[in-house]
Amino acid sequence: MQSIRGRLRDIGLLLGVLSLMAWPTAAARAQTVTSTADIIEKLAVEAELDLDLAALRQQAADRIKARADAQPQKRPPIAPQLTKLPQLRFDVVFDQDSSLIRPASYQTIGSIADALTDPKTRPYRYLIVDHVESAGRRDHNLILSQRRAESIRDVLVNTFKVAPKRLQALGLGEEQLQDVNRPASPANARVQIIVIGKFETAEPAKPASPAAATQKGAAGAKKKKQ
């Protein structure tokens with residue numbers, strides 16, 4: 001019997017074909033899927049970075065509120081450390097001004113889910129970062145990108161059953177352009193999935209030695225007699 005994931009992928013492929021026929025411009029942006037093996041190779045890599053996501057979001061919001069760096073080309077990145085980590089960039093198409101993912105992009109997200117459930121990538125944690133090209137209000141774009149990053153995370157978790165503790169979401173709006181020379185380029189709307197570290201393995205509790213257990217038992221008996 002075909003698995004749920006397989007059926008969803010088939011549905012995504014069918015809708016993707018229909019979308020290609022109905023909306024060629026968006027579909028041309030949408031699918032840049034490499035093979036699952038390629039994705040695993042890019043994402044099963046050692047990396048370690050402590051991130052304060054709330055602080056990054058606040059930093060971006062404060063910059064927008066202060067109306068600093070009005071020209072997109074002159075904005076310094078909010079989180080330059082992210083550019084140095086192992087990562088993969090890919091396209092996801094959303095409904096206009098919405099965090100609703102179009103069905104054509106489920107194939108892309110499914111391929112990433114396949115890679116993230118491979119034994120080689122399972123020890124790692126990932127950050128999903130969404131961006132928006134420079135157009136419209138900056139504060140609106142920041143909020144929209146956070147919602148979109150969370151939507152991708154939700155699909156990976158709820159549809160493709162990737163463990164939620166492995167994924168975090170961050171929206172940077174237009175505050176960290178990927179193509180600074182072309183702020184309105186669709187290239188600035190690409191999504192990143194970034195390796196941010198491994199799970200910490202808790203040290204198993206050590207069993208008490210026979211001698212220690214005997215001493216503890218004797219001490220307990222003595223206490224009762226008193």
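Predicted model: local features only at pLDDT ≥ 70, side-chain atom pairs only at ≥ 80, totals over all residues.
Residues are numbered from 1 along each chain as its sequence is written, and side-chain values use heavy atoms, with hydrogens and water left out.

View 1. Helices (H or I, at least four residues) and strands (E, at least two) are DSSP runs, numbered from the N terminus. Along the sequence, you can follow them as α-α-α-α-β-α-β-α-β-β-α. Of the 226 residues, 40% are buried; buried means under 20% relative accessible area, exposed over 50%, and partly exposed in between (1.4 Å probe, protein chains only). The chain has an accessible surface of about 13,000 Å², and 56% of that belongs to carbon and sulfur atoms. Such areas come from the Shrake-Rupley method with a 1.4 Å probe, and for residues only the protein chains shown count as cover.

**View 2. Ser 151 sits in helix 6.** Look for Ser 99 and Ile 101, which are in contact with Ser 151 when its neighbours within four places in sequence are left aside. Contact means heavy atoms within 4.5 Å. Across the chain, among contacts between residues at least 6 apart in sequence, 82% join residues at least 24 apart.

**View 3. The largest nonpolar core has 43 residues.** A nonpolar core is a set of buried Ala, Val, Leu, Ile, Met, Phe, Trp, Tyr and Cys residues joined through side-chain atoms within 4.5 Å. Leu 82, Leu 116 and Leu 156 have the most contacts inside this core. Elements that each supply at least two of its residues include helix 5 (106–116), strand 2 (124–130) and helix 6 (138–159). Not counting residues up to four places away in sequence, Leu 156 touches Ile 109, Ile 112, Ala 113, Leu 116, Ile 128, Lys 161, Val 162 and Leu 167.

**View 4. Strand 2 is largely enclosed by the rest of the structure, because 6 of its 7 residues are buried.** On strand 4, an antiparallel partner, 6 bridges join it to strand 2; two strands pair if DSSP finds at least two bridges between them. Here Tyr 126 stands opposite Val 195. Strand 3 pairs with strand 2 in the parallel sense over 5 bridges, and Asp 130 stands opposite Gly 171 of strand 3. From strand 2 the chain crosses through helix 6 to strand 3 in a right-handed β-α-β crossover. Right-handed means that, with the strands pointing away from the viewer, the path from the first strand over the helix to the second runs clockwise.

**View 5. Helix 5 is mostly covered, with 8 of its 11 residues buried.** Among them are Thr 108, Ile 109, Gly 110 and Ser 111.

View 6. At 47% relative accessibility, Asp 97 counts as partly exposed. Lys 161 counts as exposed, at 61% relative accessibility.
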